[in-house]
Number of protein chains: 2
Amino acid sequence: MSRISYVNGRYLPHRDALVHVEDRGFQFADAVYEVFAIRRGGLVDEALHLARLARSLVELRIAPPMGEAALKLVLREVVRRNRVANGTLYLQVSRGAAPRDFVFPKAARPTLVVTVRPQRRQDPRLLEEGVGVITIPDIRWGRPDIKTVGLLPNALGKQQARDTGAFEAWQVDRDGRVTEGTSTNAWIVTADGEVVTRQADHSILNGVTRYGLLQLLGGEGLRLAERPFSVAEAKAAREAFLTSTTNFVLPVVSIDGAPVANGHPGTLTLRLRALYDAYVAAQVAAP
Amino acid sequence: MSRISYVNGRYLPHRDALVHVEDRGFQFADAVYEVFAIRRGGLVDEALHLARLARSLVELRIAPPMGEAALKLVLREVVRRNRVANGTLYLQVSRGAAPRDFVFPKAARPTLVVTVRPQRRQDPRLLEEGVGVITIPDIRWGRPDIKTVGLLPNALGKQQARDTGAFEAWQVDRDGRVTEGTSTNAWIVTADGEVVTRQADHSILNGVTRYGLLQLLGGEGLRLAERPFSVAEAKAAREAFLTSTTNFVLPVVSIDGAPVANGHPGTLTLRLRALYDAYVAAQVAAP
């Protein structure tokens, strides 16, 4: 069965999923996106992703390509046509194609692209052994809270991590405090058991998995602080972990090559992962 | 005659100039570009643009899509097929199309797109009356010296300028000093006749017109300083102007709504514009 992708009203063989060279997503990074996890053929946290998409569009004054009900139908149809039970759905909206000009075009219609792909089961070693991160300066623009495709600094950071054998790079602001990973949110558990992640202001993307986990933490009676933490604090933490739509919760066991605590996944981290897995399973099992 | 654009080895009707939705230029702003002025069918400062392109590619570890000699032939062929005497040539190189992943793809081949369009003659009022600029915070990423398509902050800034009736927005760093316009370099002439523009470090794009004008200034015996200048200094300047590939030299006569000096184009600015026009004319008249 061939892979089918959606572009501006048409369901196409993936290789024929094309956009114009003057699409502003290609020439100006003038576009936003969302990545949804698919489990049992359902979209995990669909409402949260769509709400964030709507916010991104408003921030950039891009008109929604269609109403939310219609969009949901498109998402379902792309999943259905690809017969993907477990995987990811990628959605991108750009301001549209128009003769190249920095000024917003008056007439362009937004471009909507939706692709789906199956996801290999996460390598169990990532969870069993944990992953390493490096720290790098956060050189992104001033609005990483908007989920734009201006991801070159993120890609460069991720590549730098992989070049050194690490899984992810944690970006660090001018004050020496971690903002977030290049495609994941960053968390620590302090020596006295407080769970810490940076507050969702303009300096980070408000991750959907981050948000979901925060809700679960409240229910577990865990002590939580949404505040910046320094690299030094992270290196001295009892546990560290990262969250994202495709990774859920993963233990971080080294930072810049130095082990976090004993260098093994933290017990609270693994408990949170189990909680989150159950949260996702319950969601897609619902009638 | 239909417009012809080049995409990865093919000369296509412009409406058929397409790239894949998984091109990294569309999904990650993982691409660089150049805009060349075309005069009398020739490319102005071609060597300088190609040198800057080569630098951008090296900085991002993107392989050149072809050798420079072959690339020059493609550029000439696109100009020829479009029969454009005066206009602009747009060239974009992305890291290529690959299944979406922040990490650099191992197998992708760079995407090369070249488009050309005729340019209306510059509205003479822009030169006769000058233009207004507003000042906005520079919220771009840390490497605007690399000419990437991560231009969303620039587009937002330009739109903000136009929303307020201004021609351009000058971006201002945390120390209150002008970096550059959203698609132009910023210059002032101080009360004692010194011509000032910011030094080309990591904080600005090293404009080709900026560079060409600097060479001309030296020949004219004018006093020159490559250094940052504050918004206050700009507002108190004797003259102000901007430079770019498509605008050449344009007088700036107001900043944030307040007139620069008497609110008319500066005499030195107009002299520099004439010098630059002559420099371009001499270049394309050469055998």
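**Rings, charges and a helix**

Author: Let's start in chain A, where the charged end of Arg162(A) sits over the ring of Phe167(A), 5.0 Å from the ring's centre. Keep in mind that this is a predicted model. Chain B has an arrangement of this kind too: the charged end of Arg24(B) lies over the ring of Phe28(B), with 4.5 Å to its centre.

Trp170(B) belongs to strand β9 (residues 168-172) of chain B and Phe229(B) to strand β14 (residues 229-230) of chain B, so the pair ties together parts 59 residues apart in sequence. Trp170(B) is buried, at a relative accessible area of 0%, and Phe229(B) counts as buried as well, at 1%.

Back in chain A, Phe248(A), Tyr276(A) and Tyr279(A) make up one aromatic cluster.

Now for a helix in chain B: α8(B) covers residues 267-285, 19 residues in total, and reaches 27 Å from first C-alpha to last, close to the 27 Å expected. Its buried residues include Leu268(B), Leu272(B), Tyr276(B) and Val280(B). Looking down the axis of α8(B), the buried residues fall within an arc of 140 degrees, so they line one face of the helix.

And how do the two chains relate? Chain B can be laid on chain A by a turn of 180 degrees and a shift of 0.0 Å along the axis, with an RMSD of 0.0 Å. That is the relation of a two-fold axis. The same surface serves both copies, with 100% of the contact residues of chain B recurring in chain A.

Definitions and conventions: Residues numbered from 1 in each chain as written. Chains lettered and ligands numbered in written order. Predicted model: local features only at pLDDT ≥ 70, side-chain atom pairs only at ≥ 80, totals over all residues. Heavy atoms only, no water. Helix = DSSP H or I, 4+ residues; strand = E, 2+ residues; numbered from the N terminus. Expected span 1.5 Å × (residues − 1). Buried < 20%, exposed > 50% of the residue type's maximum accessible area, 1.4 Å probe, protein only. Arc of directions from axis to C-beta. Least-squares fit on C-alpha atoms with pLDDT ≥ 70 in both. Contact = heavy atoms within 4.5 Å. Phe/Tyr/Trp six-rings, centres within 6.5 Å; stacked < 30°, edge-to-face > 60°. Lys NZ or Arg CZ within 6 Å of the ring centre and 35° of its normal.
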